[in-house]
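Please walk through this fold with me, one piece at a time.

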Amino acid sequence: MNRMTTGFSPILLLGFALLAACSSGHDDDDVTGAVNPFVGYTSEQYGNSQNWLCHSGLATADNVCAANLDATIVHADGTTELEPFEPLADPPVDCFYVYPTVSSDSSGNSDLIP
């Protein structure tokens, strides 16, 4: 079945939703068992929930993952069908990071102010 969605891609929005759940409960190692040399480090930029699209510390109105994630399927014949978003009970990943590759800031790094 061919289908297109309007608005944000459900896969992209799922990625944002997974970003909100970025805690695996293991701060001292990664999935390979390698020791994390940065245990206890807190990022000044990413420690601020205002710099996240999805975060439990954001107000519902500012949290992209709290928005309606339903999608509209547009069939080849032009008919449409609503596809309700159903979050996974046990997703295969805890975190999905979207690397910010685009910025109109004149400096080498973004100041994170839109």
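N63 sits in the loop between α1 (10-19) and β1. Helices (H or I, at least four residues) and strands (E, at least two) are DSSP runs, numbered from the N terminus. The model is predicted: local features need pLDDT of at least 70, side-chain atom pairs count only at pLDDT 80 or more, and totals for chains, interfaces and linings use all residues. Residues are numbered from 1 along each chain as its sequence is written, and side-chain values use heavy atoms, with hydrogens and water left out.

Is N63 buried or exposed? N63 counts as buried, because its relative accessibility is 13%. Buried means under 20% relative accessible area, exposed over 50%, and partly exposed in between (1.4 Å probe, protein chains only).

What surrounds N63? Leaving aside neighbours within four places in sequence, N63 is in contact with L53, C54, H55 and L58. Contact means heavy atoms within 4.5 Å. A polar atom of the N63 side chain lies 3.0 Å from the backbone oxygen of H55.

Now follow the chain to the strands. Strand β1 covers residues 71-74 and strand β2 residues 80-83; they pair in the antiparallel sense over 4 bridges. Two strands pair if DSSP finds at least two bridges between them. I73 stands opposite E81 in β2. The two strands form a hairpin, with 5 residues between them. In the turn, G78 has a positive phi of about 95°.

Side chains alternate along β1. A71 and I73 point to one face and are buried.

Step back to the whole protein. There are 1 helix and 2 strands, running α-β-β from the N terminus on. Buried residues make up 12% of the 114 residues. Among contacts between residues at least 6 apart in sequence, 53% join residues at least 24 apart. The protein exposes about 9000 Å², and carbon and sulfur atoms supply 56% of that area. Such areas come from the Shrake-Rupley method with a 1.4 Å probe; for residues, only the protein chains shown count as cover.

Terms used: A polar contact is a pair of N or O atoms within 3.5 Å; within protein, one must be able to donate a hydrogen and the other to accept it, and residues adjacent in sequence count only if both atoms are side-chain atoms.
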